[in-house]
Amino acid sequence: MPHRPAQDGRRAAPLLLSTDQQFPFTVETASSSRLAPFNDVGSAPSWCQPHYNPCDVRDSVYGKMRGTSAGGTIYTSKKDPYVSSASSAPTPSVTPVGSVPDGKVADFLTGKFVNDTPEEYVRQNIEKALVRQYKYAPTDCVPEFTIKVGSARKRVDIVVFDQNANHTQANAYILVETKKAEVKPTSRTEGVGQLQSYMASCLNAQYGMWTNGTDRFCFAKRGDSKGGWTFEEIIDIPALGQTEADAQRPTRKDLKVATADNLLFAFRRCHNYIAAHEGKQKTEAFWELLKLIFTKIEDERAPKLNFFATPSERDSSTVASAAKKRIQTLFDQRVVKKYPTIFEAKDGEIDLKPEVVAYVVTELQGYSLLRSPVDVKGVAYEEIVGSNLRGDRGEFFTPRNACRMAVTMLDPQPGERILDPSCGTGGFLISGMNHALEYIERTEREQWDDPTQGSDFEREELYKRRDEYFRERVFGIDLNPALVRAAKMNMVMNNDGSGGLFQANTLENPHRWSRALREAVQLGSVDIIVSNPPFGAKIPIDDEEILSQYDLAAVWDQDDDGNWSIRLDKNGNRVLQKSQPPEILFIERALQLLVPGTGRMAMVIPNGILNNPGNAYIRNWILRNAQVLAVVDMQRDLFQPNNDTQTSMVLMRRLSPAEQAQAEESGLDYPVFMAVAETIGHDKRGNVVWRQLPDGSDELVKRIETIAEIDQETGNEVLRSIEVTDRQVDDELPEVAAAYREWLAGQR
C-alpha cells in the first residue's frame, strides 16, 4: 500500500503556519522546513494574499494575528537552525517498537512478517476474531499449520487446538480456511471441499470455517453409519467453553463484541444475500437490511433476547416462516412503535422471504451491536450506506478521522447543545456526542466501587445521564429524507440521540420549519456546530425567499478605500445575487444558529472561499461576525475516491454584539491557529497509507486500548485494557488536534 516516508529520519509532523510580529507572515514550508518571513505579502501562500482586503492585509482572515502558533512552538520535519531546540511535536499516544518491511504485515498470532495480500487481510481479521470474539488463547491458535492429507502434506490457514494441548494433528479442534474475495466457495481446489478434506484428515477435529470475507460457511463434522464423515453446515463455530447448541442460539452472555472488519464482512454478506435472493435493487435491499439491524439493536435492549433463527429455520424455507413471524413481531413491537418517524406505516412489514430473513438473522445474532466499538460499527455502516445512498447533491461522507479532529479541537462538553445543520448520515454528530459521552462515562465510572463493572444501580444512573444528554443536547438537520432516516439508524446503533434529528431545509426561513424543529433549535441557541455542508456550483440556491435572509446572498461592492458594503437599489432595498452555492449560505446560517459570544463551530469549507479574489466579500463578512479560531488545510485526497475538492477545516466563534461593533469600527486583534495536514490516512484511491521509516519499512507501534467485552457469566459489559502491536496509519489529523489544544491552552 502507498506510504509517505519521513524526512531525515524523523517523523514528518503537521505543517503549522504562524505569524510573526515583525513581518505579516511567517510560514514553515514543507520543502525546506525553514521559517520563511514574508516581507512582501505577495510571496505568502495564496490564502494569505491581501486581494480580498487590499487596504490592509492585517484585516484578512489570516492577517490580524500576533505571536506564533502553538505557544511559540513550530513543528518541523527536519532539524533547522531557525527553530528553537526546545521545539517538539505533541507526545504520541503510541510507542514505536520496530518496523515492518514493505509489502509485509505482522501476523496477529505470531508477530512474524507475512506477505500483505488480499487473502492475508481476511486471515488477519479471522485471527483477531478467534482471540477477541471467540476467546481462544493466542497460544492455542496456529497459522499455516502443516497436516498430512493422505500421502500429501498440506498447510491449514489456521488451526485451533484443544485448550493447552500439544500442537499435533491429532489435537486439532477447529480448522479455518481463509481466501481472497475472488475465490468462490464452489472452487474445486480452494472452496469448501478443500476445508472438508482437511477436516476429514484430522480425526479429532470437530468444526471448520471457510471464508473469503464476503462468504462464510461453518461446518460440524459428524460420523456416518459407514465409518466415514459428513459435514453439516451450522450457523457458527463454538467459542471457548461454549457448546454447539449455545453457538447456534446465543444468549446475552454469548454475544460477541465485533473486532476489526468482521462486522463489515457480516453486513456485506447480508446485503449481498438479500440482493441475490430477492431480486431487489441495491437500495431496496439496503432498507430491508436496516430494518433487521434495527430490530437486532432493540432486541439487545430487552431483558430476554429473541432475535435469533435456528439451523433448521435457516435450512428450510417452510420452517423459516416461524423465524420471520418471530422477527416481524419484534420489529412491530420494539421498532415501529418506538420510532414512528423512521418507520412509517408503509414500512411496517419486513419485505423479505422467510428464508432470507432467517439467513440474515443468523449472520447477525451472535454479535452485540450495542457493545461493539464505534469505529467498527462506523466502518461497517458506512460501507452499506455509502454504496446505496450517496447522492448527486454534493453529498459525500466526512471521513471519521476528520470528524474526530474537529470534535477534539472544539471539545464539546455534556452541558453544551451540539448541532449539525447538514447532518447527512450522522458521522459528525456521532463523533461529537461520543466525545461528550466519554466525559459522562468517565466521570460516572470514577464514582463506582468497581470502575470496570458497576452495580445495577450505578449503571442505571449512567444510562439516565446518557439519555438526558441525547434528549436535550444532540440535534441534526438534513434536507434529504433518506439520509435523515439513515442518520437516525446510525445514531441508534451508536448509543442513540435519533430523536433530535429532523428532515428540513436548514437554509429556509426557520418560520417554515416544523413546530418540533422550531422548538428544538432556534437561532442563537446552539453551543457547538459541526458540519460538512453540500457544496458545488451544480446545486445553487436560487429561491429569492431563501436568499433574502442572508447578507452573503447580496451583491457587495468595495470602495476605493477597501471598504465593503451591500449594494442597494433605488428604493433602498438590497440587491440579491441570482443564485448562491449552498456552502456560502451555510456559513452564515451556522453563525446565526450559534449563541452570540460563546457559540463555536467547525465547518469543512472549500479553499476557493478562502482564497479566490471573487470571494473577498465573504471573508470580509466572516471577520466582521466571527473570530476565526483555526484553519486546517486538509490534504486533497480527504474525500477521495469520490471527490477531489480542496478544503479546509475552519473553526470559528460567533462574536458578541459588542465585539461585532468593534470589528466593524476598527477590526479585532487575535491569534489564529493554522496548520497543513499533509497526510490523512489514505490515498486518492481510498487505500490506507501506513507511516514509514526512512528505510521504506512501515513503522510498527505498540498502544494500549480499552475494549468492551461481555461477561460470560453475567452478560454485562466489562472493560479491559489490551496491548496492541500494529502498523501506524499515516494520519496527521490527531496530531493537528493535539497541537491545537496545546496552543489553545497557551492562549488562556
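Hi everyone, let me start with helix H16, residues 582–593: at 1.5 Å a residue, its 12 residues should span 16 Å, and its end C-alpha atoms are 16 Å apart, which agrees. The expected span here is 1.5 Å times one less than the number of residues in the helix. Helices are DSSP runs of H or I with at least four residues, strands are runs of E with at least two, and both are numbered from the N terminus.

Before I go on, a word on where this comes from. This is a predicted model, so local features need pLDDT of at least 70 and side-chain atom pairs count only at pLDDT 80 or more, while totals for chains, interfaces and linings use all residues. Residues are numbered from 1 along each chain as its sequence is written, and side-chain values use heavy atoms, with hydrogens and water left out.

Back to H16. How many of its residues are buried? The count is 12 of 12, so H16 is largely enclosed by the rest of the structure. By buried I mean under 20% relative accessible area, with exposed over 50% and partly exposed in between, using a 1.4 Å probe and protein chains only. Among the buried residues of H16 are Glu583, Glu588 and Arg589, along with Ile584, Leu585 and Phe586.

Helix H5, residues 282–300, passes the length check too: its 19 residues should span 27 Å, and its end C-alpha atoms are 27 Å apart. H5 is mostly covered, with 16 of its 19 residues buried.

Zooming out for a moment, the protein has 20 helices and 26 strands. Of its 748 residues, 56% count as buried. If you take contacts (heavy atoms within 4.5 Å) with a separation of 6 or more, residues 24 or more positions apart account for 69% of them.

Now a helix pair. Two packed helices are described by the angle between their axes and the distance between the axes. Helix H1 (residues 118–132) and helix H4 (residues 262–278) pack at about 110 degrees, with axes 10 Å apart. The axes are lines fitted to C-alpha atoms, for helices over the stretch in contact, and angles run from 0 to 180 degrees between N-to-C directions. H1 and H4 are therefore roughly perpendicular; that label covers 65 to 115 degrees, with under 35 roughly parallel, over 145 roughly antiparallel and the rest oblique. On the H1 side, the contact is made by Tyr121, Asn125, Ile126 and Ala129, and on the H4 side by Asn262, Leu264 and Phe265.

Next, some backbone details. Where does Asn164 lie? Look in the loop between strand S9 (152–161) and strand S10 (172–178). Asn164 has a positive phi of about 65 degrees although it is not a glycine, and it is exposed, at 68% relative accessible area. Ala260, in the loop between helix H3 (244–248) and H4, also has a positive phi, near 50 degrees. Ala260 is partly exposed, at 27%. The peptide bond from Gln640 to Pro641 is cis, with omega near 15 degrees, and Pro641 sits in the loop between strand S21 (626–633) and strand S22 (647–654).

Finally, cysteines. The structure holds zero disulfides, a disulfide being a pair of cysteine sulfur atoms within 2.5 Å. Cys202 is buried at 1% relative accessibility, and Cys423 is buried at 5%.
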